[in-house]
Amino acid sequence: MPAAPHTAASSRSSSRGGTALDFEEFYRREFPRMVTLAGVVSGSRAVAEDVAQDALLQARQSWDSVGGYERPGAWLRKVTIQLASKRLRRARAEAAAVLKLGRPVPALPPAPEQYEVVLAAIRRLPRQQRAAVVLAYLEDRSVKEVAEILGCAEGTAKAHLYKARARLAKILGEEDGR
């Protein structure tokens with residue numbers, strides 16, 4: 001994992017009276033989580049690390065504000081989801097253009113079979129459902145936290161998760177031949 005940048009401003013007191021989160025600590029804790037989140041949302045392990053780095057770079061550049069937030073991780077997840085979604089849209093457009101040119105799209109390196117089956121099923125979900133699943137099940141976040149990160153009501157987050165579970169059950173059942 002790349003080292004986080006160190007500056008004198010990375011440790012400071014917040015206006016709330018406590019110590020604001022140190023960026024290096026934040027980076028070390030959040031980087032692997034953002035790689036996972038970006039990989040599942042974008043559908044590409046190849047770009048996940050870049051997306052995570054870009055999101056953390058934005059956090060670092062705005063650390064005077066972000067570091068003082070009550071939940072800087074929620075802000076980071078929202079940025080990561082947005083960046084990963086943008087990369088996914090761009091990759092789809094590029095793949096369509098490549099197909100029109102007649103060149104094959106390179107395959108991603110293989111992963112364990114079950115992992116790939118589940119990730120493929122998650123990738124088939126709509127963006128908000130996909131993000132809700134990653135946050136709730138891969139990051140073990142509460143419905144309240146999922147709602148905060150996605151910028152929606154708790155009821156909407158619950159609906160995303162309910163619909164995602166139903167859709168995943170159907171998708172995974174089809175692939176098992178049921």
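This is a predicted model: local features need pLDDT of at least 70, side-chain atom pairs count only at pLDDT 80 or more; totals for chains, interfaces and linings use all residues.
Begin at the second largest pocket, which holds about 210 Å³ of space. A pocket is an open set of points on a 1 Å grid over the protein atoms alone, where a 1.4 Å probe fits, with protein on both sides within 12 Å along at least five of seven lines; lining residues have an atom within 4 Å of a point. Volume is the space filled by probe spheres set on the points, which are joined across faces, edges and corners.

Residues are numbered from 1 along each chain, and side-chain values use heavy atoms, without hydrogens or water.

Select Thr36, Val40, Tyr115, Leu119 and Leu138, the closest to the pocket's centre of its 16 lining residues. Next, colour α5 (113-123), which gives the most to this lining, with 5 residues. Helices are DSSP runs (H or I, at least four residues), numbered from the N terminus.

Move to α1 (23-42), which supplies at least two lining residues. At its start, a side-chain oxygen of Asp22 reaches to within 3.2 Å of the backbone nitrogen of Glu24. After α1 comes Gly43, with a positive phi near 80°.

Finally, select residues 1-19, where pLDDT stays under 50.

Definitions and conventions
pLDDT is the predictor's confidence in each residue, from 0 to 100. Contact means heavy atoms within 4.5 Å. A polar contact is a pair of N or O atoms within 3.5 Å; within protein, one must be able to donate a hydrogen and the other to accept it, and residues adjacent in sequence count only if both atoms are side-chain atoms.
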